[in-house]
Amino acid sequence: MRSIDDGFTYLKLGAVSMIWGATFVAGRYLAEVDPLLAASLRFVLASMALALYMLLARIRLRCPSPRQLAQLTALGFLGIFFYNLCFFYGLHYINASRASLIVALNPAVIGLAGWWLSNERLERSKCVGIALCLGGAAVVIVSRNPQLLQDSAEGWRGDLLILGCVLGWGVYSLGSRQLNQTLGPLQTVTWSILLGTLMLLVTTLVTGRMTLSGLSALHVSHWASLGYLGVMGSALAYIGYYDGIRRIGATRSGVFIALNPLTAVICAALLLGEHLTLPMLLGGGVIVTGIYLSNKPLARGKAMGI
């Protein structure tokens with residue numbers, strides 16, 4: 001029964017990666033929208049979707065304790081506010097492919113941080129699996145854009161900002177463990193998104209980025225992209241990801257992030273007419289192998305009753 005539950009968890013995390021991969025396509029339609037305004041609207045829609053779901057499902061938003069509220073505020077700051085500022089402004093200095101290559105470091109950062117801070121076991125096969133995920137993701141990304149390593153005068157700023165995304169997401173993944181067990185994934189995600197959205201909104205209003213003229217300039221395609229990013233890419237995907245962390249741990253869940261570049265190129269091929277190449281497919285196979293190795297040891301240990 002446990003193995004069946006894990007199987008559903010793997011499928012759920014795979015679906016989350018597919019949703020996140022498609023966000024790169026949706027984000028292309030927002031290229032001309034102010035990054036801070038786009039981030040704020042994305043999470044306003046995510047907050048509305050979560051609130052509507054909880055209302056229809058008759059789930060009450062629990063009041064966290066002062067300690068839990070402090071933890072949730074930290075998650076909202078690092079995983080929503082800080083992550084999005086680093087990501088959107090990092091893309092002012094480097095292209096999306098180069099940013100994706102840096103974001104692909106997430107599984108390794110989560111695995112090493114979990115081993116260092118939380119005493120998670122980091123077996124040899126799991127290390128090999130994480131390395132394969134990184135290598136496969138690099139093959140997919142570089143094959144898609146061979147010029148991504150070409151530097152610019154201010155490229156180092158973009159690299160540092162996107163690296164900030166990786167660090168922020170690592171804390172967002174690992175810092176949720178206790179909250180996931182006490183509040184549950186839905187409550188944890190809802191609170192962190194609500195608090196992060198509030199931070200984004202205040203910053204957007206204070207800097208004068210949210211104006212009536214700016215909102216009226218948004219087209220139907222912009223709102224459709226924001227709707228997908230907010231409802232699917234934020235509310236739904238974040239709940240699935242946090243539920244995966246609660247069930248199999250941050251390290252084993254984190255390796256599924258390596259699927260994002262693969263699903264991004266597949267979605268681009270289906271929706272934008274981009275071409276899939278043999279190196280991309282081979283890199284995808286390496287990623288899947290890495291995910292399998294990263295999850296195999298614990299699954300085998302459970303089957304043996306260890």
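α3 passes α9 in a right-handed crossing, as seen here in a predicted model.

**View 1. The packing of α3 against α9.** The axes of α3 and α9 lie 8 Å apart, and the two helices pack at an angle of about 60 degrees. That angle makes α3 oblique to α9. On the α3 side the contact comprises Leu69, Leu72, Thr73, Leu75, Gly76, Phe77, Ile80 and Phe81, which meet Thr188, Trp191, Ser192, Ile193, Leu195, Gly196, Thr197, Met199, Leu200 and Thr203 in α9. Sorted by class, the residues of this contact between α3 and α9 comprise 11 nonpolar and 7 polar, with no charged residue among them.

**View 2. The packing of α3 against α7.** Helix α7 spans residues 155-174, and its axis comes within 8 Å of that of α3, the two crossing at roughly 160 degrees. Since angles over 145 degrees count as roughly antiparallel, α3 and α7 are therefore roughly antiparallel to each other. The crossing of α3 and α7 is left-handed. From α3, the contact is made by Leu75, Leu78, Gly79, Ile80, Phe82, Tyr83, Cys86, Phe87, Tyr89 and Gly90, and from α7 by Gly158, Leu161, Ile162, Gly164, Cys165, Gly168, Trp169, Val171 and Tyr172. The contact of α3 with α7 holds 14 nonpolar and 5 polar residues, and no charged ones.

**View 3. The packing of α9 against α11.** Helix α9 (residues 185-206) and helix α11 (residues 220-248) have axes 9 Å apart and pack at an angle of about 130 degrees. With that angle, α9 is oblique to α11. The crossing in which α9 passes α11 is right-handed. Within α9, the residues Pro185, Leu186, Thr188, Val189 and Ile193 take part, and they meet Ser234, Ala235, Tyr238, Ile239, Tyr242, Asp243 and Arg246 in α11. The contact of α9 with α11 consists of 8 nonpolar, 2 polar and 2 charged residues.

**View 4. The largest pocket and its lining.** The largest pocket holds about 1,000 Å³ of space, and 41 residues line it, with Thr23, Phe24, Gly27, Phe87 and Leu91 lying nearest its centre. At least two lining residues come from each of α1 (2-28), α2 (35-56), α3 (66-90), α4 (96-103), α6 (124-144), α11 and α13 (259-271). Of these contributions, that of α1 is the most, at 6 residues. The lining of the largest pocket is made up of 29 nonpolar, 9 polar and 3 charged residues. One of the residues nearest the pocket centre, Phe87, is also among the α3 residues that make the contact with α7.

How values were computed: Residues are numbered from 1 along each chain as its sequence is written. This is a predicted model: local features need pLDDT of at least 70, side-chain atom pairs count only at pLDDT 80 or more; totals for chains, interfaces and linings use all residues. Side-chain values use heavy atoms; hydrogens and water are left out. Axes are lines fitted to C-alpha atoms, for helices over the stretch in contact, and angles run from 0 to 180 degrees between N-to-C directions. Helices (H or I, at least four residues) and strands (E, at least two) are DSSP runs, numbered from the N terminus. Angles under 35 degrees count as roughly parallel, over 145 as roughly antiparallel, 65 to 115 as roughly perpendicular and the rest as oblique. A crossing is left-handed if the near helix is turned anticlockwise from the far one by less than a right angle, and right-handed if clockwise. Contact means heavy atoms within 4.5 Å. Ala, Val, Leu, Ile, Met, Phe, Trp, Tyr, Cys and Pro count as nonpolar, Asp, Glu, Lys and Arg as charged, and the others, Gly among them, as polar. On a 1 Å grid over the protein atoms alone, a cavity is a set of points where a 1.4 Å probe fits but cannot get out, and a pocket is an open set with protein on both sides within 12 Å along at least five of seven lines; lining residues have an atom within 4 Å of a point. Grid points are joined across faces, edges and corners, and a volume is the space filled by probe spheres set on the points.
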